[in-house]
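Thanks, everyone. Please have the viewer open.

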Amino acid sequence: MPAGIRMSGGYTFKKFPVIDGQIQRIDIDPGYVAVPLVTVSGDKLTPAVKTGHFVRKGDCITAYDQRYPHRNLYAPITGRVEQITKVNRDAVSTDTVIIRQDTSVRLPIENHIGKAGAEHAGLNVCHKYISLLTGQLDGTGEQQPKHILISAIYTEPVAVTVPVLLEGNESFLTAGIRCLLETYPDADVSIISSGSDQPVIEQICGDFLQKDRFRLLHAPRKYPAENPYIQIENVSGYHVSALRSPADYGYLCIDLRALLSLGRAVIMRHAPTDLFIPVYRDEPELTALVTVPVGVTVAQLLDELGCSPDGYRIIEGGLLTGKEITDTTHIVTRCTTSLTLIAHKPQRSFLWFLRPGRSLDSFTRCFLSSAPGGEKKVTDGLQGGKRACINCGYCHAVCPADLYPNILYHEVTHDLLEEAMDKNLDRCIDCGLCSYVCPSKLSLAYTLHKAKDTAYHQCAQLTSNRT
Amino acid sequence: MSERTGLLHNRYIAPVINSLGSFFFGTEEHTSQTPYIRDAIDLKRYMFFVILAVLPSAVAGIYLYGWRVVAVIAVSYVFGVGTEAVFAGVRRQDEIHEGAFVTCILYALILPPHLPLWIVAVGIMFGTIFGKEVFGGTGKNIFNPAMVGRIFVSLAFPEAMAKTWVVPFDGPLPGGFSAWMADTITTATPLTLFQSSGDITAASLLFRGYIGGCIGETVKPLIILGGLFLIVTKVANWRIPVAFFLSSFGCAALLHSIEPQQFAPAWFHLLSGGLLFAGMFMISDPVTTPTTNSGKWICGFSLGVLTILIRVFTGYVEGVMFAVIIMNMFAPLIDYSMLNIKYRARTRKAAAL
């Protein structure tokens, strides 16, 4: 277990649930999956299959778009289409294809999706897989990235460490990197890792390190190496901006989980329909890295793991940036990066705030709560009501984008949006750390996120008025 | 809160009851937006660490001046929290804010030990109302409320203030712990002594606190200990105190080197009066000081220079009070200018487009 994740300003996250060492690795083989007919960006899709059709794993099940393969959906398991649910075409709910597993299916596929499946050869398929995973390229191979960044660093304090991801998956990783190098012969491939995982990465990437186009990068040292939030501004001049996507800069960004899915897809010869999802709970034995097909419901996944969601809140996509799932029929999609179950119980205890930190549910070193030892659990309590900002400056001290969230919050709540934009509001990366450390328990991150939305809308309106 | 009526649900009493409840037991509130976990720091813990830091100074005050010190602190709390509760009731807040607990003890510790209790009450009420509540409560105040109360008292009741400096108990342990109050032998504080006769109190006396002075500001080792505690636990930012001590020391040393007869040496300024106490506990208040780091340095340096200038060239020997209030006024301006400088390049670029 790492000693803690050091932040700027002397803050240390003491014990976020980082998966490291021996954990469960589970391949979930569900009885059925429900695939919502919607793209990653939320557009509705038309099903190309009918009830009773047989599909093989990796077959395209939506009206095939040659130009944008990453918009298509592929069957996550082999089986029979049991039902296509039709709902009202409103903004919220979507149609869903339910496929019941049937491994005995060996029948020829009787609709046009077979043609798409037949293209599993050559570089074209890699283009498709890569665009399918990243959603950044069009899949036809016309859009060539100049740089490929593989991120092997934590993007959330809640994270599965690189050694755990790699253990037993080395061949997938090498296949993935080889696929990237061959698919884009003109692009240089960089893998960014943090200090502690560097030896593992070096071991895996040994063969590639000889090549000119392959580079191994350290996370920049503005924050210590084990810090989850780095400014990747310093890496090859790559610059995070909310207004332009990395693709505009000629960058293709792919994280280690996606790289593994890619390698697995290339080796197994079907579309990357399996996901690697870390599931966290405060009991270490229930923490697992799960390989799961897209379309499984959260209830199914937890059932396979043997945990009950009672008494827990389920957060999809990390504790700092994710969202809460209230309905366990929620479907695991390509956007699901992790599931965290946090205990939901009353926080009241006698004079809790006076206790020297050991027994406090606290994660930072800014108070005596940093005293070593003691088991700290993840809880979701506010530990105190909302108050006015007291200008303490903790939010600025932890901000990876070097913003003053307290001042931005003040300006945004007083309708001074332009002034806030002048103070780099658009550089906010929505990491949520400001809200996390705020002693006044203000919802800084949420407020700033909303303000950015409003600012972009105004920007868009101005532009459209001008044209 | 429930709609029930009764004494416990009175709009003026409920905030006190609720804050006592959350003070002792915490809250059951839980997160509803990202991030879904929150750090255990909250204002109670934050503010209580300040109280912990000044507690040794308060105990030393009892040792030096007798149990009457406790009465001063108690009166300060009753009237300060009472005023806060009235405002919480008027504003229909759920709870009273924790800042009041810090204000009351800081205010009591910068008063002469034998000040009449009714003056203590008037001062804390004035400080709470006009230093904090008229601006909207903790976090929205421009001035440090404890300092506002102290200035009000020293300007409105100069005679009472001047007569209540007493010779502290000295000697083996029971000291002030066995007496209600020290014999009312009126003495002068080291600063007034220097101003009237030019005598310089010995450094050892100044350091261990056997001098006439305010309750909490005489025993220097305990103040330094408390200040270091706040800095280590990151409740206080180290920049302002460091800048403040450096600049006040430098300014006093400069003046002393020019005219050694007229101006006291730098160590004397540093060890006498409320300079150390204010530097550790008053100007580390984040609400009334700049939030930018460069602003903190500027504020600290200006504070030091102002303090020494007021001490040396005006009739008010306690220059720290006025310097703190003056710099509080400038804190927003300093922040504004620092941010303008930081983001100027971007604004210019936007203007050019």
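I start with B:His97, which sits in the loop that runs between helix 3 (68-90) and helix 4 (99-109) of chain B. Keep in mind throughout that this is a predicted model. Is B:His97 buried or exposed? With a relative accessible area of 13%, B:His97 is buried, because the cut-off for that is under 20%. Setting aside neighbours within four places in sequence, the contacts of B:His97 are A:Arg387, B:Glu84 and B:Thr138. So that list includes a residue of chain A, namely A:Arg387.

Next, another loop residue of chain B. B:Ile211 lies between helix 9 (203-208) and helix 10 (220-232). B:Ile211 counts as buried, at 8% relative accessibility. What does B:Ile211 touch, not counting residues up to four places away in sequence? The list is B:Tyr65, B:Pro168, B:Pro190, B:Thr201, B:Leu205, B:Leu206, B:Thr218 and B:Lys220. For a distance, take B:Ile211 and B:Phe169: they are 42 residues apart in sequence, and their C-alpha atoms are 9.6 Å apart in space.

B:Asn328 has its place in helix 15 (residues 319-352). B:Asn328 is buried too, with a relative accessible area of 4%. Leaving out neighbours within four places in sequence, B:Asn328 is in contact with B:Ile142, B:Phe143, B:Asn144 and B:Thr288.

Now the nonpolar cores. The largest one has 99 residues, and the members that touch the most others in it are B:Met147, B:Phe277 and B:Phe281. Which element gives this core its largest share? That is helix 2 (residues 43-65) of chain B, with 14 residues. Apart from this core there is another, of 41 residues, and its members include A:Tyr74, A:Ile177, A:Leu252 and A:Leu259.

On to chain B as a whole. How many helices and strands does chain B have? The count is 15 helices and zero strands. The radius of gyration of chain B is 22 Å, close to the 20 Å that the globule rule gives for 353 residues, so chain B is as compact as a globular protein of that length. Along the principal axes, the C-alpha atoms fill a box of roughly 65 × 65 × 35 Å. Of the 353 residues in chain B, 55% are buried. If you take the contacts in chain B between residues at least 6 apart in sequence, 75% of them join residues at least 24 apart. Chain B exposes about 14,600 Å², and 70% of that area is supplied by carbon and sulfur atoms.

Of the contacts in chain A with a separation of 6 or more, 69% are between residues 24 or more positions apart.

A:Tyr280 has its place in strand 12 (residues 274-280). A:Tyr280 is buried, at a relative accessible area of 2%. From A:Tyr280 to A:Leu341 the separation is 61 residues in sequence and 6.0 Å in space, C-alpha to C-alpha.

The other two are for anyone who checks backbone angles. A:Asn391 is not a glycine, yet its phi is positive, at about 70°. A:Asn391 lies in the loop between strand 16 (339-343) and helix 8 (394-398), and it is buried, with a relative accessible area of 16%. A:Lys441 also has a positive phi, near 60°, in a residue other than glycine. Where is A:Lys441 found? A:Lys441 lies in the loop between helix 11 (433-437) and helix 12 (444-466) of chain A. The relative accessible area of A:Lys441 is 0%, so A:Lys441 is buried.

Methods
Residues numbered from 1 in each chain as written. Chains lettered and ligands numbered in written order. Predicted model: local features only at pLDDT ≥ 70, side-chain atom pairs only at ≥ 80, totals over all residues. Heavy atoms only, no water. Core = buried A, V, L, I, M, F, W, Y, C linked by side-chain atoms within 4.5 Å. Buried < 20%, exposed > 50% of the residue type's maximum accessible area, 1.4 Å probe, protein only. Helix = DSSP H or I, 4+ residues; strand = E, 2+ residues; numbered from the N terminus. Rg over C-alpha atoms; globule rule 2.2 N^0.38 Å. Contact = heavy atoms within 4.5 Å. Areas by Shrake-Rupley, 256 points an atom, 1.4 Å probe, with all protein chains shown as cover.
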